[in-house]
There are 4 protein chains.
Amino acid sequence: MANSFGELFRITTWGESHGGGVGVVVDGCPPRLALTAADIQPDLDRRRPGQSKIVTPRKETDAAQILSGTFDGYTLGTPISIWVKNEDARSEAYSEMATKFRPSHADFTYFAKYGIRAWPGGGRTSARETIGRVAAGAIAKKILRERFGVEVLAYVKQVQRIAADVDRERVKLSEVESNIVRCPDAAAADKMVRAIEKARRAGDSLGGIVEGVARGVPPGWGEPVFDRLEADLAKAMLSLPASKGFDVGSGFDSILMSGTQHNDLFRMKGGKVRTLTNRSGGIQGGISNGELIYFRVAFKPVATVMHEQATVSVEFKNTKLKGRGRHDPCVLPRAVPMVEAMTALVLVDHALRHQAQCGLA
Amino acid sequence: MANSFGELFRITTWGESHGGGVGVVVDGCPPRLALTAADIQPDLDRRRPGQSKIVTPRKETDAAQILSGTFDGYTLGTPISIWVKNEDARSEAYSEMATKFRPSHADFTYFAKYGIRAWPGGGRTSARETIGRVAAGAIAKKILRERFGVEVLAYVKQVQRIAADVDRERVKLSEVESNIVRCPDAAAADKMVRAIEKARRAGDSLGGIVEGVARGVPPGWGEPVFDRLEADLAKAMLSLPASKGFDVGSGFDSILMSGTQHNDLFRMKGGKVRTLTNRSGGIQGGISNGELIYFRVAFKPVATVMHEQATVSVEFKNTKLKGRGRHDPCVLPRAVPMVEAMTALVLVDHALRHQAQCGLA
Amino acid sequence: MANSFGELFRITTWGESHGGGVGVVVDGCPPRLALTAADIQPDLDRRRPGQSKIVTPRKETDAAQILSGTFDGYTLGTPISIWVKNEDARSEAYSEMATKFRPSHADFTYFAKYGIRAWPGGGRTSARETIGRVAAGAIAKKILRERFGVEVLAYVKQVQRIAADVDRERVKLSEVESNIVRCPDAAAADKMVRAIEKARRAGDSLGGIVEGVARGVPPGWGEPVFDRLEADLAKAMLSLPASKGFDVGSGFDSILMSGTQHNDLFRMKGGKVRTLTNRSGGIQGGISNGELIYFRVAFKPVATVMHEQATVSVEFKNTKLKGRGRHDPCVLPRAVPMVEAMTALVLVDHALRHQAQCGLA
Amino acid sequence: MANSFGELFRITTWGESHGGGVGVVVDGCPPRLALTAADIQPDLDRRRPGQSKIVTPRKETDAAQILSGTFDGYTLGTPISIWVKNEDARSEAYSEMATKFRPSHADFTYFAKYGIRAWPGGGRTSARETIGRVAAGAIAKKILRERFGVEVLAYVKQVQRIAADVDRERVKLSEVESNIVRCPDAAAADKMVRAIEKARRAGDSLGGIVEGVARGVPPGWGEPVFDRLEADLAKAMLSLPASKGFDVGSGFDSILMSGTQHNDLFRMKGGKVRTLTNRSGGIQGGISNGELIYFRVAFKPVATVMHEQATVSVEFKNTKLKGRGRHDPCVLPRAVPMVEAMTALVLVDHALRHQAQCGLA
C-alpha cells in the first residue's frame, strides 16, 4: 500500500518518468460531484516543469484524461482513473544515469531495495509521480470547496534567507499566482526570482519553505490518537520529493516561548468558541478547533546540479557524474500545488472519516 | 483505525486517564521472540511522570501485564495484549475541568468532535495514552536489536535556547540516562535542569527538541512513494502529544545551503556504498541508504501551567481557569522514550514490509 | 491485521484459552451510545459453553469488563476495550495435547506457521477467541437497532438431516431462545436435541447449518466491487471456527433454476421499490436492496471426539490420541450468537462506510 | 477501499463498461519478475465473452497494455498499471436500460446507493470490471508458480444437475481448456454444452458450480483469526459477479457426517505430516496444512434473459423490460479464469504476509 494514500478518500498513484505514463486511481469520491478534466488540468499546469524562464523549458503538456468514474460530467462514486501520457522521452539525456548513482537522488536506494531500477529520468523517483497526487488533489479541493466550504492554499514563504511577509488569513490564490515564484509578497518574490536565476546560471540549486493554509475547517476534524490531523499532514508533506521538515502553528519556534506565552486562550466570539491567538495552528489534540490551519514545509536544494560530482557506479566503483539535461534550480514554485494537493487529500479524508463516525451521534 | 499504527507490526492503543486502565494490542509480532513484562517495564518507568525532582511526584507504578500472545516466555505470533491499570485516580484535582475547557489542551476539540468527553485527567487526551505506545515500542526495539542489529535511541537535544552537543554516531543509552533531563551532554543537561526548575517554580512550562537516531538500518527499508521512511517517522512524531514539528537530516537548515553544498557524495568504503556527508539523514527517496538515520522533534511548552488563564466553559461562557494538581513543566525527558518507541515501531514495520515484498527478489 | 475485522467499525481480538484472558478493542464506535457491560453480557452468556445438558458443564462465567471507551455509561468515540478473564484453567485435562497434534484441529498448522504453539486448551485456536467477537457484536447490534432500525438474528436451521421450518421474516429472538438448541421450530428442535444427545453418548459430534437474517437494512449498504455485502458476510462467516460453507439467498440451490425462474422482479409497493421474490437474499451487485438479508453457514461436526484416533506427535512420529475433557458434540447453538455478532459487525461497518461516502451526496 | 483487494499484494480495479476502459493497479508485486503483456493476455482471452458458439459473438479484443511498473521486461517493485480500452460501445443496444432497472441486476441498488448510475452496459456493475482482476491474477499466478511452486486451477464442476467427475489432484489446464465449457470431464462437458445451447435457444440462462484447486501450497499460509485462508477465499469468490455460495473441503456436505467420520487423521508420509483424507480442503484453523486446497463456488443463472419481465422504471413506475443484445446464457466458462485469478490473489497475498511475519522466526 506504499503507493496509496488516505483511508476513505484513497488515492493510488502509479507510473514512471518513462513508459506508458503516470496516473492515479481515486477511490471513495462522493457521487454526483461535477467533474471533468477541466477541473484537474489547471493544477497539473501549475505543477508542470518548464513553466517559466527560471527553469529549462519542457514540452510536455501533461494533459489529464479521466478514464473512469464519471458519467455525463458527474462522479459515480466508483473509482476515478486519471491518466497522463509520457511524451517527452529524451532518454538519451540521461544515459549516464544508467551506470551511475546520482548523489542525493534515490537511484542507489531504489537499487538497494529492489535490485533493479528504471534509470531513465529517475523512473518512479521522478517528480512526475506527483502528477497523480496533484490530479487527485484537484478533486479533493473541489469537494472541500463545494461540500464543506473549506479553502486550501499554499505559497512560497521563503527561499534560502529571503522570507516573505504574508497575511495567512487573507492571502488569495490570485496573489500567489501573480508571479512565477508563487510568493504573494511581491517584493520578496522579486528577490527570490533573482536568487533562483543566479543559482540557475551557477548550475546550482536552492531550497526554501512552502507554507500551507486551510480556511473554514470546522471544529472536529482529525482522528486521535495516531491519525491526528497534524500527523497526517506531516506524513503527507514528508512524502513529497525533496521535503526535509514540517511544522505546524508555532512549530519549531514554539520552543522559545514559555507555556503561559504560548497557550491560546479561548474566548467566545460571534457565538463561537475561538482562540485569541493561534499558535496551535488550528489543531489541538489532533483535532481541528475551527481556527485557520497553517503549517510550513522545508524543501532542500534539489539534488540535480550542473556540476561534476563524486559518486559510485552501479558496479560499485568510485566515479564522477556531471548533471545534464533539464535544470530546475528551485522546486518551490512547483511544490506549491503539490502541498495544496496533499493538504486537500488529508482534509477530505478526515472530513469523510468524521462523517462516518460522528455523523450518527 | 485512528487508534492503530503500523501496517504489519500494528499496534492499537486504548484507555483513558481514568477508568480501567490503558493498554495496547500488538498484532503481527514475529513468533519465538523471548518476551516478558521485564522487557517492557524499563521503558514504561522512563515514561512515567514524577520520576525526578523536576516534576510533581506521582505514585503510579504503571506495571505492565502481558495478558496474551506469549507462552513460556516466548511470543506466539498471536496478538500481544498489554494492560496497565489506572491507580492514581485523584479525580478531585481536576473537578474544575468538568466545566471548563483548558486552554491549548484538547478538551474543547474532543467535545466539538464527539459531543461528549471524559474530563477527568483529560480522558483519552492524557499522556497516559502513550503508555501503550511505549510498551509496544519496547517490543519493537527488541526485535530491531535482536533480529536486525538495529539500535534506536533518543535524547533531549535542546531546551529553549540551551542546545546540547551530541555525537549522534556514538552516543549511548547510559549517557542519556545519566541525568534526569535525558541529555547526554552533561554541561547542557545542568543548564537544562536549572531552566526547568526555574520554570517549575514560576508555575510555567518550557519546550525544546528531542533528537532521535537509528543505527544499523540496512539500505532498502522504506516504501515509496507515500510511506517513505521519513514520512512515516514524521507522522509518528507528530502523533505525540505536544509535538509541533519534525525534520530529518539537514531539515529546516537545508534551506541555507546550495545543492552543491548539500548533496551527499557517494564513495565506496569497506566494500559498501557510503556517503561522505549525511545531510540526507540516512534516507534518500524515502528509502534507507545505510547511513545513520537522525531527525528532530519539536515539543512546545506544555499547556498545563499553574496560572489563571482566560478560557471558555462547557456552557460557552467566558471564564477563567487556574492550573492545579500535578505540574510537569517540561515534557522532554519523558518524551525521549516515546520518540524511541515510535521510531522503533516505524522501523520494525518497514523491516517486515521490506521482507514481505523484497524477501522474494 | 489478521486479528482485526472491519474498516471503520474495527475490532481487534486477542487472547488464548489459557493466560490472562481474552478480549477485544473496538475502534470507531460512534460516540454517545448508552453502553455498559449489561449490554454485552447476555450474548456472552449465549456463547458460553456448558449452558445445557447437551454439553459438558463448564464453570466459567465469562464476565465482561469494559476497561475504556465509556464515561458515565456512554461511549466516548474512543476505543472500547473489553476484557474477559480466563478462570477455568484445568490445563491437566489437555496435557497430552502438549505432545500430539489433534486431528482436524489447528494444532499442526499453527506449529507449522509459527514454530511454536500454546497447546493448553488450543491456545489462540480455542473457541474462546470468539468471546471478543461476540462482545463487539453486541455493541454492533445495539448500534444497528438504535441508530438504524436494523435487527440481526440467527438460529439453527439444520442438524445433520433434521431441517427446521422457519419463517425468516417473522421469527423472533424469544423463539430462538426457547430451547437449548436455538432452533425456533419446536418439533425440529426436539429431534435435534435427541440427535445431539445421542452423539454425546457416542462420544461423537455432528454438524449443521445456522441461518442468519437481517431485517430493516435500507437499500444502499455495501461497497462494490470487492467489499460487496455478501463477500464481507462470507468472509465473516468463514472466519468462524468449524465453518465450512456460506451461501446467500438462493445460494447453492440457485443452480437448479433457470434465469427466468430465478430473477427477482421489481414491483412498486407502499411507495418503495420491492421485489416479488427474494432469491437475491436482499443483496444485488453487492449492495442491499431493502429486502430481507438471509444466508446460511455450514458448520462441520467439531473435531473433538471422545475416541482414540491416529495422529502424529510433535516429534513427527505416528501415534494415537484419545479425546478427553469437555465434550461439546454440536457447536451450532453456541455458533448462533457468533453468527449474529459477525453479521452485525459487517453491517454496522458498511453503514458507516455508506455514511462516509454517500452521506454527502 | 471498496475497489481494492489484498493487504500486501494489493490490486485496485477501475472502469465502467463504457468510457475510457477498465484497468487495474497492482501494488506490492515483488521486483525482478519477468513480465510482459504476453503473460496477461491469455487469461484475458479466456475471460472474454463471445469466445464460442454458446454465446453471442463479441468483437472486443481486450488487449492489455502495461503502462507502468516494468522495465526491460521485468517488474520494478513499483505499481503495475494495466489498461484495457473499451472498444465495443454499442450503447444503443442498451438504451432502454437508461430508464428501467433490470431485474436481479445491480441497476437499482447502485442508483439507491449513489443517486446516479452509468446505465450503458451496466457501468461499473458490468462483468468487464473483472478484466482488472483477471489481469492481476495472471501476475499472481506467475509469482506463485515461479517463486513458490504453487499451481492454481479452476474448472466447471457442475451445470445445473450435470456434475463432472474430476480428479482434483491430477487435472490439468489442458484438460480444462479442451472444450468450450471448461469442464475437464469430456462426457459431462458434452451434456453441459447441450444444456447451455438449449438455454440459449430458449433465451434463458443457467447456473452451476466452479471448483477451484491450489496445489503445492506449503503448510503455514493463512492468518488467524479473521483473515483465515478460507475466509479470504470466501470473500474473494463472493465478490465475483453472479456468485451465490462458497464452500471449502467437505463444505455443506460435511454436515451429513459425524466427527469421527469427518476428521482427517494425521500420518507421516515421505517425512512430511500428511492427512489420510482431506475433508479439511487443505486448511485447518485458517492455515494451510500442505494438502490440496479445494473449494466450490456456486454461480446463479445470470440475470440477463431474452424475455420480457416485470420491473420498475427510474421514475418508480411499474413497467416491463425485455432483454436485448448480447446473450451469455452461462457465465461458468468465463468464471473459470476469474476464480483462478481471485484464488491466486488470495494466495500470493498470504504468501507475502507469511513471509513478513514468519520469515524472521
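What share of the contacts in chain A between residues at least 6 apart in sequence join residues at least 24 apart? The share is 70%, where two residues are in contact if their C-beta atoms, placed from the backbone, lie within 7 Å.

This is a predicted model, in which local features need pLDDT of at least 70 and side-chain atom pairs count only at pLDDT 80 or more, while totals for chains, interfaces and linings use all residues. Residues are numbered from 1 along each chain as its sequence is written, and chains are lettered from A and ligands numbered from 1 in the order in which they are written.

**View 1. Helix 5 of chain B.** Helix 5 (residues 186–201) has 16 residues; helices are DSSP runs of H or I with at least four residues, and strands are runs of E with at least two, numbered from the N terminus. Buried residues of helix 5 of chain B include Ala188(B), Met192(B) and Ile196(B), whereas Lys198(B), on the other side, is exposed. A residue is buried if 20 or more other C-beta atoms, placed from the backbone, lie within 10 Å of its own, exposed if 12 or fewer, and partly exposed in between.

**View 2. Around helix 5 of chain B.** The cover of its buried residues includes strand 9 (151–159) and strand 10 (162–163) of chain B. Gly203(B), with a positive phi near 65°, follows helix 5 of chain B.

Key
The expected span of a helix is 1.5 Å times one less than its number of residues.
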